[in-house]
Amino acid sequence: MKRIAIIGGGISGLSAAHTIEEKRQSGAEVGYVLFESSPRLGGVMVTDRVDGCLVEAGPDSFLTEKPWAADLCRKIGLGDQLIGSNDAKRKTYIVKKNKLHVMPDGLMFMVPTKIMPTVLSPLFSLRTKFRMAGEWFHPPHKAEEDETVAEMVERHYGSEMVELLADPLLSGVYGGESSDLSVRAVLPRFADMESKHGSLGRAMLDARKTARKKMGASANAPARPLFTSLQEGMQQMVDAVVARLDANALKTSTLVQSVVPQDNAWTVSAGYQSDQFDAVIVATPAHVASFVLQAADENLARELGEIQYSSSVTVALGYDEKVRRSLPPGFGFLVPRSEGRRMLAATFVHNKFPHRASEDRALLRCFLGGARDEQILDSSEEEILAIVRAELRQIIRLDAEPLFTRVYKWKSAMAQYFVGHLERLQRIESLRQRLPGLALAGNGYKGIGVPDCVRSGVEAASKILAEMGMWSAA
Ligand SMILES: Cc1cc2nc3c(=O)[nH]c(=O)nc-3n(C[C@H](O)[C@H](O)[C@H](O)COP(=O)(O)OP(=O)(O)OC[C@H]3O[C@@H](n4cnc5c(N)ncnc54)[C@H](O)[C@@H]3O)c2cc1C
């Protein structure tokens, strides 16, 4: 029987394990061991229940347009548990001079597709509005080299758009800076649209029309919800995958120190124990992969170690019915850097996913940290709460005492795809190919969101099974 080691029990490693488990159950002669350093599986996917509220410590949902996480949920019997965000209440604010300004209708990930709401918005200066109108006539442009998101957005819409939209949006999703992140790695669609259409606005509208046509829907048919999640929270997905795995194959509280190829096999060392495998899937953050693969190939380890990560902190605050009534409608707000705040964003969870807080509760989730504020990790929970409460007071005049609070710290958990990331991935892939039986999965490579991580785990396992002659796409 062939044996595969999986290092890391976040959603990437669990997806890899599930793919191998499916093969095993269909009769293939294959087994696996999943090594996880912490006592629980799921990595950053953690759901808590507090005082009638469902509190997400890490991801709270995933993008509906990326199908891999929902596909896995359906496979593991959670199809009827998938829920969409309450898009009827979708409204996001940008904080400007301590006030909330609604993001104009028609903005599709910072690209304006409707003229009037943008023209009437007090968010942008006249100069930016002129730039937006002119963008419609932007000629097709194929950049010779990779560039930052900030550079591309500035070329199309000017610097105010970078400050008010690109930066806060990327801080929210990547915990990163638009002046560092690679357009080709983070927003490949933008690079593609610019080279084919020129104007991002026109390209975005065209793409939407084509997608609707494909779905056979009329132009007025309701769009799919932007975000998908699970009735009982993201942890439900973790629990359902784990329940389908071989319990004897799950080694929690086991920190892997090294993964070394030896005589057509791989030796995985954890503590004083080591074990031999035919193949190994390293599904940890890239900086951990770099560490454990040091003795396998130092060039590969160096490239992996160059993929930067940022840290983040999420803070949940529960309030009573009175506060719920007093809070603005909508999904929450983003805070541009120019506001000089430590909070990056806040979600009004009771609006985004209503059943996550009972009718008499308001649930807020605030984000801090990111590439520009790693120091937040050194602050105590009390200090972090004091910062969050002071900023909520100043931004949305929320002074009430919360009924409960929770603070979650995630150190070096968010991969940052800097300019040149795709070239680095190519170098990593060619080094990996020299090490048969090794596959990599996780958020350090081709997407940081939950769906991308699921896909990375499934692909890593499929690649290894194919090398073993056990894979055939069903
Ligand atoms: C606060 C936060 C909010 C997010 N929000 C969203 C969101 O709303 N939507 C979305 O799509 N994505 C979101 N993301 C991103 C997404 O959740 C993650 O990219 C994804 O869950 C990462 O999964 P993973 O398995 O690759 O890594 P992880 O979840 O980090 O798992 C890696 C695992 O490896 C283990 N490990 C590390 N070192 C070792 C070792 N030496 N030996 C054994 N095990 C080891 C760790 O303990 C961990 O369990 C968010 C991320 C964070 C941190």
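**Salt bridges in close-up**

**View 1. A one-turn pair inside helix 17.** R455 and D452 sit three residues apart, about one turn of the helix, and both belong to helix 17 (residues 450-467). This is a predicted model, and in it R455 makes a salt bridge with D452, with 3.3 Å between the closest N and O atoms.

**View 2. E65 and R189, a bridge from loop to helix.** Here the side chains of E65 and R189 meet in a salt bridge at 3.8 Å, N to O. E65 comes from the loop between strand 5 (62-63) and helix 2 (68-75), and R189 from helix 8 (residues 188-196), so the pair ties together parts that are 124 residues apart in sequence. As for its cover, R189 counts as partly exposed, with 41% relative accessibility.

**View 3. E177 and R337, a bridge from loop to loop.** The closest N and O atoms of the E177–R337 salt bridge are 2.1 Å apart. Which parts of the chain does this pair link? E177 is in the loop between helix 6 (159-174) and helix 7 (183-186), and R337 is in the loop between strand 18 (332-334) and strand 19 (343-348), 160 residues apart. Is E177 buried or exposed? With a relative accessible area of 7%, E177 is buried. R337 counts as partly exposed at 41% relative accessibility.

**View 4. Zooming out to the network around E177 and R337.** Which residues are linked with E177 and R337 in a network of salt bridges? D167 and R372 join them in that network. Side chains of opposite charge can pair when their charged atoms come close. For the whole structure, a search turns up 28 salt bridges.

View 5. The chain has 17 helices and 22 strands. Its radius of gyration is 23 Å, close to the 23 Å that the globule rule gives for 474 residues, so the chain is as compact as a globular protein of that length. Along its principal axes, the C-alpha trace spans about 70 × 55 × 45 Å. Buried residues account for 55% of the 474. Of the contacts between residues at least 6 apart in sequence, 74% join residues at least 24 apart. On the charge side, the chain carries 58 positive and 57 negative charges, and their mean positions are 6 Å apart.

Definitions and conventions
Residues are numbered from 1 along each chain as its sequence is written. This is a predicted model: local features need pLDDT of at least 70, side-chain atom pairs count only at pLDDT 80 or more; totals for chains, interfaces and linings use all residues. Side-chain values use heavy atoms; hydrogens and water are left out. Helices (H or I, at least four residues) and strands (E, at least two) are DSSP runs, numbered from the N terminus. The radius of gyration is taken over C-alpha atoms; the globule rule is 2.2 Å times the number of residues to the power 0.38. Buried means under 20% relative accessible area, exposed over 50%, partly exposed in between (1.4 Å probe, protein chains only). Contact means heavy atoms within 4.5 Å. Lys and Arg count as positive and Asp and Glu as negative; His and the chain ends are not counted. The place of a charge is taken as NZ of Lys, CZ of Arg, CG of Asp or CD of Glu. A salt bridge is a side-chain nitrogen of Lys or Arg within 4 Å of a carboxyl oxygen of Asp or Glu.
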